[in-house]
Amino acid sequence: MKAFTTHTGVAAPLLRRNIDTDAIIPSREMKRVSKLGLGEGLFAAWRYTMPGGREANPAFVLNQPAYANTSIVLSGENFGCGSSREHAVWALVEYGIRAIIAESFGAIFHTNCIRNGVLPVVLPARDIRALADFVQQDPQRHCLTIDLEQMQVTGEGGQHCVFSLDEGAREMLLQGLDPIAQTLQDREAIAQFEQARATAHPWAFRDYAGSAVSAEFKP
Amino acid sequence: MSAVAPVAGAASPTTLFDKLWQAHEVRLLPGGDSLIYIDRIFLHERTGSIALQSLESAGYPVRDPQRVFCTMDHIVDTFPGRGDKTLMPSGTDFIVATRAAANKSGVQLFDVDHPDQGIAHVISPEQGIALPGLTLVCPDSHTCSLGAVGALAWGIGSSEAEHALATNTLRVRKPRTMRVTVRGQLKPGVTAKDLILHLISAYGADGGSGYAVEFAGSAIEALGVEARLTLCNMAVEFSAFTGLIAPDAITEAYFKGRDHAPSADDWDQAADYWRSLRSDVDAVFDREIILDADAIQPMVTWGTSPEHAVPVSGCAPDPHNFPSAGAESAQKALDYQGIAPGQVMAELAIDAAFIGSCTNSRISDLRLAASILRGKKIAPGVAGVVVPGSRRVKRQAEAEGLHKIFIESGFEWRDSGCSMCFYAGGETFGPGKRVVSSTNRNFEGRQGPGTRTHLASPATVAASAIAGCIRAAVPEENMYTGADAAALQEAIG
């Protein structure tokens, strides 16, 4: 996984609340059995003039020349709510987004970000509004810098916002760790736990299909 | 760091959630996450193939394929006589790849033509795969449905699915606990769907953010398992980590004899344990919400978030009355939905009615809708589609003659799957079409580009289909409420 330490980039405001993963990547844009090829479908319903089309909608912020090379998204409450589709994060990554600053995040989306090297930053509405006001003045010049070591967002206009992130998630991102490899270091502990659980609750480990009297359908 | 054996009964008063958490916590990890043991994993063709393929290419085997289940629900067609071919141009690729990956890894597959195929969250309780006291994860956000039976179940992404498949664990930050107590009893004609829409509209689509939410109180205890599944299904629309309901005698009766549920001697041992799975009397929750059931009315959404819900008898709001950030979102929602501020919901003409999805496609939902549609026709120009949540539900409905009621009223009767709950299968009522839908999400484009979704209960969907505009069902003596078998017989005669 790609590590995240510090990042400086163009930030684009999408200050709606409840931007869901269907909006981030509509299901019709998830065309292949792959984690790749999704960047084009990012925000497709807002980004293009026609469903399934590729003609840019000039009104959408990411299509405006001022926001070329955006790598940070500023948003409102509950960003990434809805479907668990990790395609939303894969699409953001492929587009070039490294961090999202929002008032809160959908829980599954938040974890998906961490697992793909995207930093979810939680800040209060007031701070996000101030950051948006700053970048909107001159998006290409008024870049934001996010430092995960120091857990702060800064801008050259004197902006300085401190955020927090769970230590486990922070370590994963800072070091770009493979969580499966990390967990398999605990394989003995897992096996011991499993053995104890199977002793206490054998029913939880048995598959009774076929042994049960075929049940009459019960609502 | 040695493993901790599961311990039943803690010294201090404990919540149901904490009991389940403690019973599955392998250890607390440095950094504050917990390593949580996973008992069951469910996959589907949308993400299952990617997870299994990705795991294989990373060189990790599936640790215990016997406790992994996979279904074809998201993309598969629901037209009668379907095969692998899908309306979605590349959908067949997902189905074929999932079948190959599932067979190779040895997980249990409910294939397109399997007699027990259906929506993951419908078939997992229906077959006793999800059980009280188990952890179950699935790369689908509505996995929280299964908290309804006292399982600790939650939706995950693909990377987490790979982690669970490879290790039978997940690294999870422990959520806080919330209890939503619903006092009294729901009024006739008011369903679990109305209750959850009421909660989300009152406390916001992020009202449960960071919490595992236990539903409790007399109104919850009176619900059947299927209604409880509807309630917990939409915990994710409340942004909760999951929903939970303590298993009780209703839960036990539901599971006894199910295919994968404990049989013979094991049943008593399992059931004894399940009876311990309830929040202790003095257990402390991080947050408590109390609702009065009799204040809840049939609900419908006006906008593009489940929080945009009002009573069917109500009006869409005026964004000018919203706080600043909410005003812009609300105005965009009204624009998308093509309705004016203050619109009287019951005056909105509809183009289509949809009954289906992991929220409301179980036999009790179909009985409820059929009890309203019986002997009636849906309004001219309204397209109606019913999609049973599983093939077992379909067979049962057909055995009861419900399919005839639907067909005679003008609804299409389909094979099981997620269908038009979303657009993954490539099927839609069309741009600009107004759909009253028993599903869970009214997001922009959710049911197809430009399609306007109004979420409601199956009762409201059925009544709206007949009226041709949004309409709550009038509770009648013969309306099926799911309360008891006698009412059912009365309703469907």
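B:Thr71 stands opposite B:Phe110 in strand 5 of chain B, with helices (H or I, at least four residues) and strands (E, at least two) taken as DSSP runs numbered from the N terminus. The model is a predicted one, in which local features need pLDDT of at least 70 and side-chain atom pairs count only at pLDDT 80 or more, while totals for chains, interfaces and linings use all residues. Residues are numbered from 1 along each chain as its sequence is written, and chains are lettered from A and ligands numbered from 1 in the order in which they are written.

To start with the sheet around that residue pair, strand 4 (residues 68-71) of chain B and strand 5 of chain B pair in the parallel sense over three bridges; strands count as paired if DSSP finds at least two bridges between them. These strands belong to an open sheet of five strands in chain B, ordered 5-4-3-6-7 and parallel in its pairing. At the edges sit strand 5 (108-110) and strand 7 (152-155) of chain B, each pairing on one side only. From one strand to the next, the twist averages 20 degrees. Angles here run from 0 to 180 degrees between N-to-C directions, and axes are lines fitted to C-alpha atoms, for helices over the stretch in contact.

Chain B has another open sheet, this time of four strands in the order 11-10-9-12, and its pairing is parallel. Its edge strands are strand 11 (242-244) and strand 12 (287-292) of chain B, each with pairing on one side only. Neighbouring strands of this sheet are turned by 20 degrees against each other on average, direction ignored. Strand 10 (residues 211-216) of chain B pairs with strand 11 of chain B in the parallel sense, over three bridges, and B:Val213 has B:Gly243 in strand 11 of chain B as its bridge partner. Helix 1 (residues 16-24) of chain B lies across strand 9 (176-183), strand 10 and strand 11 of chain B, running at about 125 degrees to strand 10 of chain B.

Now for the helix pairs. Helix 2 (residues 48-58) of chain B packs on helix 3 (residues 91-105) of chain B at an angle of about 50 degrees, with the axes 8 Å apart. Helix 2 of chain B and helix 3 of chain B are therefore oblique to each other: under 35 degrees counts as roughly parallel, over 145 as roughly antiparallel, 65 to 115 as roughly perpendicular, and the rest as oblique. Their crossing is left-handed, meaning that the near helix is turned anticlockwise from the far one by less than a right angle (right-handed if clockwise). In this contact, B:Gly48, B:Ser49, B:Leu52 and B:Gln53 of helix 2 of chain B meet residues of helix 3 of chain B including B:Phe94, B:Ala97 and B:Thr98; residues are in contact if their C-beta atoms, placed from the backbone, lie within 7 Å. The contact residues divide into five nonpolar, five polar and no charged. Ala, Val, Leu, Ile, Met, Phe, Trp, Tyr, Cys and Pro count as nonpolar, Asp, Glu, Lys and Arg as charged, and the others, Gly among them, as polar.

Helix 12 (residues 363-373) and helix 15 (residues 458-467) of chain B pack at about 30 degrees, their axes 8 Å apart. That makes helix 12 of chain B roughly parallel to helix 15 of chain B, and the crossing is right-handed. The residues of this contact come to ten nonpolar, no polar and one charged. Helix 6 (residues 192-203) and helix 8 (residues 225-233) of chain B, at about 20 degrees and with axes 8 Å apart, are therefore roughly parallel to each other as well. Their crossing is right-handed too, and the contact splits into five nonpolar, one polar and two charged residues.

Zooming out, chain B has 16 helices and 19 strands, whereas chain A comes to eight helices and seven strands. A compact globule of 493 residues would have a radius of gyration near 23 Å, and chain B agrees with its 22 Å. The radius is taken over C-alpha atoms, and the globule rule is 2.2 Å times the number of residues to the power 0.38.

Where the chains meet, the contact takes 78 residues from chain B and 65 residues from chain A. Helix 5 (residues 158-167) of chain B gives the largest share of the chain B side, seven residues. By class, that side has 31 nonpolar, 27 polar and 20 charged residues.

Definitions and conventions
Two residues are in contact if their C-beta atoms, placed from the backbone, lie within 7 Å.
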